[in-house]
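Please keep the sequence and the structure in view while reading.

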Amino acid sequence: MTTSSDDPDAADAAAGGSSTDGGDDTPRGSRRAVAVVIGVVFLDLLGFGVVIPILPFYVRSFGVSDVFIGLTAASYSLAQFLAAPTLGRISDERGRRPVIAFSVAMAGVAWLVFGFATEIGAVAGTAAAVATLLISRTLAGAAGGNISAAQAYIADVTPRERRAGALGLVGAAFSLGFVFGPALGGVAASDQVVSAADALLPAFVPTTRFTLPSFTAAALSFLAFGAALIVLKEPERTRSTGARSSSLVEQFRTALADDALRPLVASYFVTSVAFAGIQVMFIPFAADYYGYDATAAAVFLTYIGVLGTINQGVLVGKLERYLGAIKLAVVGGTALAASLAFLPFTPEIGALLPLPGDPGDGLLSGPLLTGPTVALFAVGALLSFGNGSLNVSLSTLVSDRASDETQGAAFGVTQGAGSLGRTVGPPVAASAYVLAYWSPFVAGAVLLVPVVYVLARGRTLGGSDAAGAK
């Protein structure tokens, strides 16, 4: 094992700056590094969010079954599952910066190809077009495995007592991507923008409501690539040069053999199965039971994204320092389970409120303050808090339980488990929704019960819940 300076204060002092600023005991250099990597992650996730509003309609444009919507979503998560542990391990050995830079460039290529599916279909047929969607989404998913390297980067440059807040900023970047990404995608897919682009761009550039959001996503990923190359610096840290895990299976076997990491890996998987199914099936539920169109659904998703940004960027870090990671994870898991259980019944719950009961023809065309709409937004706020608290707390626990030289590998395995859950969840939830609309939501709540139980036992996670005990 070769060792470089793993003291952020010493690294910042060596750079000629003061190690602290004001009353904050986090080094100035560390805060700058966190800000840069969060900026790169945000640009990458913004590109991902741009594609969300058009994806179901893009798949349907080829006249295939809605099953392919679920398969396209699952292909991203499956590739992320396979790639995250490998990218995390490589970042431990070769560096965080090259992994992050290469992966966001790969995402740009994937979204570029994604935008040409219609043109490929016109030449080679529907099967080739759908295959293009699946392949490009798979490539983008593999690139999305870079979140393990980004989390490890933040762990490298942030003191342990400040990691919950810093890791919460990764969640905030996710939320901001989902706030601005879908909105940007909706603008890019609008008739006015498509018409203007058609008049301005060369004839060989296809301009449709599907291609422009895809090309916008590609441009944002390439912008993140440029930022990673020019601005992002490799952190000073301890690097592992010992024996490397030879396979993904071996990495998971090692993590599952670790008493401290095993319950966290399982929790990531189960939580992701529960939540991913709801992410996929919410829009059909909102359309079927609230009359929401794509624009109305985007407004709700933006609302959830704004709350997620506040929760994970501000609230969660403060609560973690007060409660500790384990207690906050229990609170978050309980809140998430309750919100999932209530969500499918918000029309009935809202009907009991002293407000108009008919949501109208959609969020933007019907009355805003209906009983069911108020119930939906209230449950959405609980869902956002629960999801943010649980995910940030789990990330903090992973960081606390892993050694300094294996942060990337540990995050890679747990993020891989989450990606596997997001592969399993959507197709299972879609099938359950066909049988009973409420079943995927209630099943997700039930799945979270053992997660909360394991977290509530606390000490079985290995070590003590140091944060919050100080």
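Does D92 count as buried or exposed? At 4% relative accessibility, D92 counts as buried, where buried means under 20% relative accessible area, exposed means over 50%, and partly exposed lies in between (1.4 Å probe, protein chains only).

## Basis of the model

This is a predicted model, in which local features need pLDDT of at least 70 and side-chain atom pairs count only at pLDDT 80 or more, while totals for chains, interfaces and linings use all residues. Residues are numbered from 1 along each chain as its sequence is written, and side-chain values use heavy atoms, with hydrogens and water left out.

## The chain as a whole

The protein chain has 19 helices and two strands, these being DSSP runs numbered from the N terminus (helices H or I with at least four residues, strands E with at least two). Of its 470 residues, 52% count as buried. The accessible surface comes to about 19100 Å², and 68% of that area belongs to carbon and sulfur atoms; such areas come from the Shrake-Rupley method with a 1.4 Å probe, and for residues only the protein chains shown count as cover.

## Salt bridges

The structure holds three salt bridges, each defined as a side-chain nitrogen of Lys or Arg within 4 Å of a carboxyl oxygen of Asp or Glu. One of them joins the side chains of R89 and E93, with an N to O distance of 3.5 Å. These two residues are four residues apart in helix α4 (residues 67-94), and therefore are separated by about one helical turn. In general, an α-helix has 3.6 residues a turn, so residues three or four places apart point the same way. R89 is buried, with a relative accessible area of 16%, and E93 likewise counts as buried at 15% relative accessibility.

D92, R96 and D156 are linked in a network of salt bridges. Between R96 and D92 the closest N and O atoms are 2.7 Å apart, and R96 is buried, with a relative accessible area of 0%. The side chains of D156 and R96 also meet in a salt bridge, at 2.7 Å from N to O. This second pair links distant parts of the chain, with D156 in helix α8 (residues 147-157) and R96 in helix α5, 60 residues apart. Both D156 and R96 are buried.

## Two helices and their spans

The expected span of a helix is 1.5 Å times one less than its number of residues. For the 18 residues of helix α15 (residues 325-342) this gives 26 Å, and the end C-alpha atoms are 26 Å apart, which agrees. The buried residues of α15 include A325, I326, L328, A329, G332 and G333.

Helix α7 (residues 126-143) also has 18 residues, and its reach of 26 Å from first C-alpha to last is close to the 26 Å expected. Among the buried residues of α7 are L133, S136, R137 and A140.

## Individual positions

S75 has its place in helix α4 and counts as buried at 12% relative accessibility. Its side chain reaches the backbone oxygen of T72 at 2.7 Å. Not counting residues up to four places away in sequence, S75 touches L134, R137 and T138.

L307, in helix α14 (residues 294-323), counts as partly exposed at 21% relative accessibility. Leaving aside neighbours within four places in sequence, L307 is in contact with A381 and S384. The C-alpha atoms of L307 and G388, 81 residues apart along the chain, are separated by 9.4 Å.

## A nonpolar surface patch

V109, L112, V113, F116, I120, L139 and F222 form a nonpolar patch on the surface, with about 480 Å² of accessible area together. Patches are made of residues with over 30% relative accessible area and no salt bridge, where like charges are joined within 9 Å and nonpolar side chains (Val, Leu, Ile, Met, Phe, Trp, Tyr) within 5 Å.

The largest share of this patch, three residues, comes from helix α5 (residues 96-114). L112 has its place in helix α5, and at 36% relative accessibility L112 counts as partly exposed.

Methods: Polar contact = N/O pair within 3.5 Å; in protein donor to acceptor, adjacent residues only side chain to side chain. Contact = heavy atoms within 4.5 Å.
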